[in-house]
Amino acid sequence: MTTAEHDAISEREILPRGPAQPWPIHFLARVIDWALVTAAAVMILLVFFNVCAHAVGRDLAETTETCELLMVWVSFLGGASIVRRSGHMTITEFIDKLGDKPRRIADFCVQLFALGVLWILLKNGLIIVDNNWGNILTVLGIPMSIQYMPLAIASGAGMICGVFDLYQILCGKTREERYGADE
């Protein structure tokens with residue numbers, strides 16, 4: 001087994017699988033997935049460190065505020081990661097009964113609606129980020145915009161995946177063809 005094959009197998013064991021996508025989307029998705037893994041690991045270490053500090057009567061406010069900041073990033077980036085895999089919660093009793101063409105039309109309409117919501121989140125997220133560069137997080141002393149940034153980033157990433165899905169729907173691909181293939 002080559003090093004590249006070993007690395008590919010190791011990566012698949014850590015990261016969840018996703019649909020086949022063009023390399024720029026795949027690259028963006030991998031960056032998001034690894035950012036999630038890294039942020040989770042840092043939060044685990046910081047919480048453990050803070051628990052140990054509490055055991056000796058200390059409290060480090062920096063660890064609490066950093067974990068809060070990372071949790072916001074993980075929440076929004078996790079949403080973008082699940083949008084890429086079409087793993088968000090859906091109720092499909094009606095839509096699953098449709099034939100191929102009506103199903104693609106329904107998928108198209110749903111994806112269009114999702115893109116509209118993501119556009120609103122992106123637009124307003126950018127406004128919030130722009131308006132909060134002057135506000136500073138109390139303990140860390142960094143701009144509050146960094147805490148609001150994942151809303152815009154995750155919405156933009158979700159839109160990229162949504163536009164690609166719309167393209168695939170227009171090309172006549174079924175849901176199974178779009179999301180059933182492994183990376």
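Colleague: What pattern does the protein chain follow when read along the sequence?

Modeller: In this predicted model, the pattern is α-α-α-α-α-α. The count is 6 helices and 0 strands.

Colleague: Which share of the contacts joins residues at least 24 apart?

Modeller: Start from contacts between residues at least 6 apart in sequence; of these, 71% join residues at least 24 apart in the protein chain.

Colleague: What does the C-alpha trace span along its principal axes, and what percentage of the residues is buried?

Modeller: The span is about 65 × 50 × 30 Å. Buried means under 20% relative accessible area. By that cut-off, 33% of the 183 residues in the protein chain are buried.

Colleague: How many cavities of 30 Å³ or more does the structure hold?

Modeller: There are 2 of them. The largest cavity has a volume of about 70 Å³. Its lining comprises 13 residues, and those closest to its centre are Q21, R84, C161, D165 and Y179.

Colleague: Which helix gives the most to the lining of the largest cavity?

Modeller: That is α5, with 5 residues. Helices that each supply at least two lining residues are α3 (61-84), α5 (145-170) and α6 (175-179).

How values were computed
Residues are numbered from 1 along each chain as its sequence is written. This is a predicted model: local features need pLDDT of at least 70, side-chain atom pairs count only at pLDDT 80 or more; totals for chains, interfaces and linings use all residues. Side-chain values use heavy atoms; hydrogens and water are left out. Helices (H or I, at least four residues) and strands (E, at least two) are DSSP runs, numbered from the N terminus. Buried means under 20% relative accessible area, exposed over 50%, partly exposed in between (1.4 Å probe, protein chains only). Contact means heavy atoms within 4.5 Å. On a 1 Å grid over the protein atoms alone, a cavity is a set of points where a 1.4 Å probe fits but cannot get out, and a pocket is an open set with protein on both sides within 12 Å along at least five of seven lines; lining residues have an atom within 4 Å of a point. Grid points are joined across faces, edges and corners, and a volume is the space filled by probe spheres set on the points.
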